[in-house]
Amino acid sequence: MTDQIQEEIIEEFSMFDDWLDKYDYLISLSESLPVISSEHKTDEYIIEGCQSRVWVDARLEGGKVYYSADSDAIIIKGLLALLIRAMGGRTPQEIVDTELYFIDAIGLKENLSPTRGNGLLATIKQMRLYALALLKKN
């Protein structure tokens, strides 16, 4: 099943031939990151398995999940902005059911270091766990 937001992301990244340009684009996306509030920048919200320090929070509003996040690494902030764009603003069930195919389509996994790739997977897992928890609360 195609997904409008993921298709937009794939199209945006297809404009760049070179991975250095894609990294620059990722860095520019970091500016659009909904930053987590300082009271949530605690160990409770940190993602285990990341090379950098990464915090993610989620809240349910009007039946949809909205994420905020932060990292001490600028490229990771860009990755977080992409994940939030692809997963946020959906119902918890949609988040659990959504396959994030844009990651492979833009060649992200092959162009991240193994530790960053593991961190990306850990972050996605945590975002889905938040959605599941919010689904059960509802």
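Mentor: Arg 116 touches Gln 51, Ser 52, Ala 73, Ile 75 and Ile 76, leaving aside residues up to four places away in sequence; contact means heavy atoms within 4.5 Å. This is a predicted model, in which local features need pLDDT of at least 70 and side-chain atom pairs count only at pLDDT 80 or more, while totals for chains, interfaces and linings use all residues. Residues are numbered from 1 along each chain as its sequence is written, and side-chain values use heavy atoms, with hydrogens and water left out.

Trainee: Is Arg 116 buried, partly exposed or exposed?

Mentor: Buried means under 20% relative accessible area and exposed over 50%, with partly exposed in between (1.4 Å probe, protein chains only). Because its relative accessible area is 26%, Arg 116 is partly exposed.

Trainee: Which residues lie nearest the centre of the largest cavity?

Mentor: A cavity is a set of points on a 1 Å grid over the protein atoms alone where a 1.4 Å probe fits but cannot get out, and lining residues have an atom within 4 Å of a point. The lining of the largest cavity comprises 13 residues, and those nearest its centre are Cys 50, Ile 76, Arg 116, Gly 119 and Leu 120.

Trainee: Which element gives the largest share of the lining of the largest cavity?

Mentor: Helices are DSSP runs (H or I, at least four residues), numbered from the N terminus. Arg 116 is found in helix H6. The largest share of the lining of the largest cavity, five residues, comes from H6.

Terms used: On a 1 Å grid over the protein atoms alone, a cavity is a set of points where a 1.4 Å probe fits but cannot get out, and a pocket is an open set with protein on both sides within 12 Å along at least five of seven lines; lining residues have an atom within 4 Å of a point. Helices (H or I, at least four residues) and strands (E, at least two) are DSSP runs, numbered from the N terminus.
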